[in-house]
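Subject: Structure handover

Dear colleague,

Here is the structure I said I would pass on. My notes on it follow below the coordinates.

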Amino acid sequence: MQGEGVGTTITQHILSQQRKNPKATGAFTTLLNELVVAAKVISREANKAGLVDILGATGKINVQDEQVQKLDMFANQVIIQRMQHIGQLWCMGSEEDPDLIEIPPQYPKGDYILLFDPLDGSSNIDVNVSIGTIFGIYKRRTDSREAEILLSDVLQPGIKQMAAGYFIYGSSTIMVYTTGNETGVHGFTLFPSVGEFLLSHEDIRIPERGKIYSVNEGNYQYWDEKTRALVDYFKTRDKETGRPYTSRYVGSLVADFHRNLLKGGIFMYPADKKDPKKPSGKLRLMVEANPLAMVVKEAGGYASNGHGPILEIDPGTLHQRVPLYIGSKKDVDLAEAVISGKKKLD
Ligand code: AHG
Ligand code: MN
Ligand code: MN
């Protein structure tokens, strides 16, 4: 499917996916296309970071009890403002907002719910390391047109996502997304000269076993024995299983995830005792783990909280945190067997 020599644009691709998926409607295509526009705006600012006053902390602390960076807020506002007027959303949920984001009364509402991490890897913004945006799209559960937005409408297991994906603002800006139903995972690179995302990674498949492990080893003392044994396993020499694995950790989930998706490997953010308020580790189920769990599953990988599939977790709260083991199926299966106690590493 070639355009005028520029290759397949994201718009063409989304339309072709829509034709393949009887459940996807034009509404869905509008939604994704508008999200792409928001990402282009964020990408432009992220690439200017350092040149304009978009850097540094706002001095605010968000609902995650974390320093809010200016680019966090900018990205959050861009997505909300772009997405709220398209008439396809019932509501939105952002990592940066404590409560659900309602659609202003002057705009029509639709049936989709957008959950997102507007800027992932905030600690890397002012050191020029790749950052990104993560998103998951659900259909609202009840089809009655009752007035108020129900959190129960939004807190659905990740398996219910209609689509999920991410943008990475790095050496180039790329978008990776899937609409599930075995339609595959596809990557697009932004060509600034054309101003379009063009298909660059068709039908991404993650190797079933990797050679990379990604974890913040600075938390070693805060992990339990099983977690330590698991991480030590990946570092131990064993010819047969290609160990020791290489350690790669950028500190931006999207960047670590994307590298492992393309090359194979496992990313871990285990439960830790570092912060009593966050016993399940730092990553959020609804705006980080679920979207990436859908992407990796569609690419042949797996995502677990150490005891079972991320995608089958029944969410309790909008900002619920979960331990995350995600990447190559064989590596994550092993992680789940060790963390759940089914397998003991000698
Ligand atoms: P966010 O910037 O959206 O808060 O996410 C940051 C997350 C994730 O991107 C990354 O994997 C993790 O924080 C790194 O945490 P540590 O610095 O604790 O390793
Ligand atoms: Mn994040
Ligand atoms: Mn974030």
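I start with N128, which is exposed at a relative accessible area of 73%; exposed means over 50% relative accessible area, buried under 20%, and partly exposed in between, with a 1.4 Å probe and protein chains only. Before going on, the conventions: this is a predicted model, in which local features need pLDDT of at least 70, side-chain atom pairs count only at pLDDT 80 or more, and totals for chains, interfaces and linings use all residues. Residues are numbered from 1 along each chain as its sequence is written, chains are lettered from A and ligands numbered from 1 in the order in which they are written, and side-chain values use heavy atoms, with hydrogens and water left out.

Backbone

N128 sits in the loop between β5 and β6 (131–139). Helices (H or I, at least four residues) and strands (E, at least two) are DSSP runs, numbered from the N terminus. The phi of N128 is near 60 degrees, a positive value in a residue other than glycine. D203 is also not a glycine and has a positive phi, of about 50 degrees. Its loop runs between β10 (196–201) and β11 (212–214), and D203 counts as partly exposed because its relative accessibility is 41%. A cis peptide bond joins R243 to P244, with omega near 10 degrees; P244 belongs to the loop between α5 (225–235) and β12 (246–247). For context, most residues other than glycine have a negative phi, and most peptide bonds are trans.

G7 lies in the segment before α1 (10–20) and counts as buried, since its relative accessibility is 13%. G158 is in the loop between α4 (151–154) and β7 (163–169), and its relative accessible area of 2% is why it counts as buried. From G158 to L318, 160 residues apart along the chain, the C-alpha separation is 12 Å.

Helix α3 (residues 70–83) has 14 residues, which at 1.5 Å a residue should span 20 Å; its end C-alpha atoms are 20 Å apart, so the two agree. The expected span is 1.5 Å times one less than the number of residues. The buried residues in α3 are L71, D72, A75, N76, V78, I79, I80 and M83.

Metal site

Which residues supply the protein donors of the manganese ion (ligand 2)? They are D117 (OD), D120 (OD) and E288 (OE), at 1.9 to 2.1 Å. Donors here are N, O and S atoms within 2.8 Å of the metal (3.2 Å for Na, K and Ca); water is not among the atoms, so sites may look incomplete. The spacing of these donor residues in sequence is D-x2-D-x167-E. D117, in strand β5 (residues 112–120), and E288, in helix α7 (residues 285–298), are 171 residues apart, so the pair links distant parts of the chain. D117 is buried, because its relative accessibility is 0%, and E288 is likewise buried at 0%.

The manganese ion (ligand 3) is coordinated by E95 (OE), D117 (OD) and L119 (O), at 2.2 to 2.3 Å. Along the chain these donors are spaced E-x21-D-x1-L. D117 bridges the two manganese ions, ligand 3 and ligand 2, which lie 3.7 Å apart. L119 is buried, as is D117.

Ligand 1

The shell around ligand 1 has 18 residues, the closest being D120, G121, S122, Y249 and Y269; a residue is near if one of its heavy atoms lies within 4 Å. The shell divides into six nonpolar, five polar and seven charged residues, where Ala, Val, Leu, Ile, Met, Phe, Trp, Tyr, Cys and Pro count as nonpolar, Asp, Glu, Lys and Arg as charged, and the others, Gly among them, as polar. β5 and β13 (266–269) each supply at least two shell residues, and β5 gives the most, with three.

- R284, through a polar side-chain atom, at 2.9 Å
- D117, through a polar side-chain atom, at 3.0 Å
- L119, through a polar backbone atom, at 3.2 Å

Taken alone, ligand 1 exposes 470 Å², and the protein buries 89% of that; accessible areas come from the Shrake-Rupley method with a 1.4 Å probe.

Regards

Notes
Polar contact = N/O pair within 3.5 Å; in protein donor to acceptor, adjacent residues only side chain to side chain.
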